[in-house]
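Me: Hi! I'd like to get to know this structure a bit. Could you walk me through it?

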Amino acid sequence: MSEYKVITVPEVAVIKEIKKEIEDTSTFYLEFENPEVAKNFKIKSGQFIMCTIFGAGEFAVSLPPSPENDRFHISVRAAGKVTKVLHSLQPGDKVGIRGPFGNGFPFDEIKGKNVIYVAGGIGIIPLRSSIVHVLQHRNEFGRVIVLYGARTPQDLMYNYNIDEWRKIEGVEIYTTIDSPAPGWKYEVGFVNTLVEKAKVPVDNSVAFVCGPPIMFNSVIKDLVNRGMREENIISTLERHMKCGIGKCQHCAIGRTLVCTDGPVYTYKQIKTLGEQI
Amino acid sequence: MFLIKKNEVLKLAQELEKSYAVYGPVVEKESGQAFLTKVDSVNDIDLNAPIPALPPKSVVFPQIEKILGYKYDRNSKNVDIKMVVVPQAKAIFGLRSCDLAGIQCLDRFFLGQEFVDDVYLLHRKQMFIVTNTCTKPFAQCFCACTDSGPSAKEGYDLNLTDIGDSYLIEVGSDKGKELCEKMGLQKSEAAHAAEKVKVVDKSLDSFEKEAVENKAWISRVMNRITTGFIKPQVWEFIGDQCFECGACSFVCPSCSCFNIEDFNKPDTAVDRMREWDSCSFEGYTRMAGDHNPRKPIEDRRNKRFFCKLSYSQSKKYLRPGCVGCGRCAWVCPGDIGLPNVVTYVRREITEREINE
């Protein structure tokens, strides 16, 4: 009881730049006001933070920056009461940050394996951190495949990053949209069709899957049909959260709490939780 | 162990009043209902009062409480964040053993996990607890089934037991011992301790006759609930009776779910408040964009019983989450308090059919 960290008080960060990604989603580049905090703020891919919008409330958001050499930013869709207020803010405005919380993606365990990322829509936001991190250590992995689908070309997040990734040697990038659009030179069709097209390897491989429930379920089905083992399919879950530290219980699924036991789970674990994704 | 005369027992509370804000069971005259409140005068405390309507969690984990305050000026962009400190030391006098078990559940949950809840710790670290052995169970009690009564075993500073003309005082902490020595109380003898054992045994024996409202054979259903080996029809039957009022969570000594909201005040100041929440509410898991992973009431309703009765949750609390106070059965408008749910599950186990 003697040693404890004060976790209810957020640290203040300034919005440095706002980049519009797609219609209702923007990326906010942040910087901590206190340089001491900025120095000690270490993240793992797959973790999340609790972000306070002063006067509006707090929301949980995943961290897209890589743990190494990446600018601190969050990408947020204006979906609810608090995130809509965030989208009305300007550079120079301040927000509060608590965290990072959660377990994060395994990084050391997947070394030497083929890594497959399957993302749908804004599901790429939590995966971006891991993708960039793996690309920074490209030679420590086998094949690296990114399969990314969205409804229209205007719904593709991180266009500028994807164009960069395409240039990196030994990275297979597939992007797809739901139906043909003028000027689109890549794939057309749902993202699960890419699993077949990319000839996704299943031995000595790990797949990271994130996207809307309908896409998630069909991708999982295709991966399992190809022979991918359920414990090698990894995803990150989203839940209503209030505290981030395992106390408020809003994110409870069965016996696990997404904030402290998750948000990263294997499909094998997700299957036993017995709740919708 | 010490002894104190029956008519002098409130002197202990008087002594505590010097350094603590004293909370105790007070009986409201008109309704005859007991409430655990901060007392104006320790003479209001009634050690024979029935179980208080609200659990003592409101003392350590208030129903609504400010956990953070900040000021944000949109023009100058100045932020001023202040954590709220709760300096007042509190003493609870005359706590029942089931309610103490509830506080222990909260302790293990808020302080014993990966993160320590600092707001809870502020309340809890300077507290004095005096428990009171139940010499006779009340009609709704089933603490004998949940191993939390009728006499507290640990976690108290002092434990009182009515042994006829005086109270036996058991000491549970150094703080408690100091207080008794300071007051120069008479030391008890072996015969008094033996008398206490008799009182507890007599209390246990009278459960059959006195505690007539509830029977909850909890150990029988814990296994079933843990393994999920219960037919969906049973949960549907239970869910059908739920009014989603959340009363069971609010009166439960060990329920600890909360919500956090920022309240804007007329000036630029904002209060971050945390308030009790209940897993039976529909909005409990609803995310931005209206996606709700839990929808039907039976899906939400059974979460509470998993939380109270499954092994994995019991590991967190080192005991079942239910402490046997009977309050949920008391307040539930749909008759699905925990003892009844246990009965339904048991019935299903034995009859294999909920509606014959």
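Reply: Happy to! One term to begin with: two residues are in contact if their C-beta atoms, placed from the backbone, lie within 7 Å. Also keep in mind that this is a predicted model.

Me: What span should α3(A) have, and what is it in the model?

Reply: Helix α3(A) covers residues 124–136, and at 1.5 Å a residue its 13 residues should span 18 Å. The C-alpha atoms at its ends are 18 Å apart, so the two agree.

Me: Nice. Switching topic: where is A:Ile74?

Reply: You'll find A:Ile74 in strand β5 of chain A, which takes in residues 73–77.

Me: Is A:Ile74 buried or exposed?

Reply: A:Ile74 is buried, because 24 other C-beta atoms lie within 10 Å and the cut-off for buried is 20 or more.

Me: Which residues does A:Ile74 touch, leaving out those up to four places away in sequence?

Reply: With those left out, A:Ile74 touches A:Phe28, A:Leu30, A:Cys51, A:Val61, A:Leu63 and A:Pro64. Take A:Leu63: A:Ile74 is 11 residues from A:Leu63 in sequence, and their C-alpha atoms are 5.9 Å apart in space.

Me: Now strands. Which strands does β1(A) pair with, and how do they run?

Reply: Strand β1 of chain A (residues 11–22) is joined to β2 (residues 25–32) by 8 bridges, and the two run antiparallel. These two strands form a hairpin with 2 residues between them. Strand β1(A) is also joined to β6 (residues 94–101) by 4 bridges, again antiparallel.

Me: Last one: how many residues are in contact between chain A and chain B?

Reply: There are 36 residues of chain B in contact with 34 residues of chain A. On chain B's side, the elements that give two or more residues are β4 (64–72), β5 (79–83), α3 (97–111), α4 (118–124) and β11 (258–264). The largest share, 6 residues, comes from β11(B). That side of chain B divides into 21 nonpolar, 7 polar and 8 charged residues.

Notes:
Residues numbered from 1 in each chain as written. Chains lettered and ligands numbered in written order. Predicted model: local features only at pLDDT ≥ 70, side-chain atom pairs only at ≥ 80, totals over all residues. Buried ≥ 20, exposed ≤ 12 C-beta atoms within 10 Å, placed from the backbone. Pairing = 2+ DSSP bridges. Expected span 1.5 Å × (residues − 1). Nonpolar A, V, L, I, M, F, W, Y, C, P; charged D, E, K, R; others polar.
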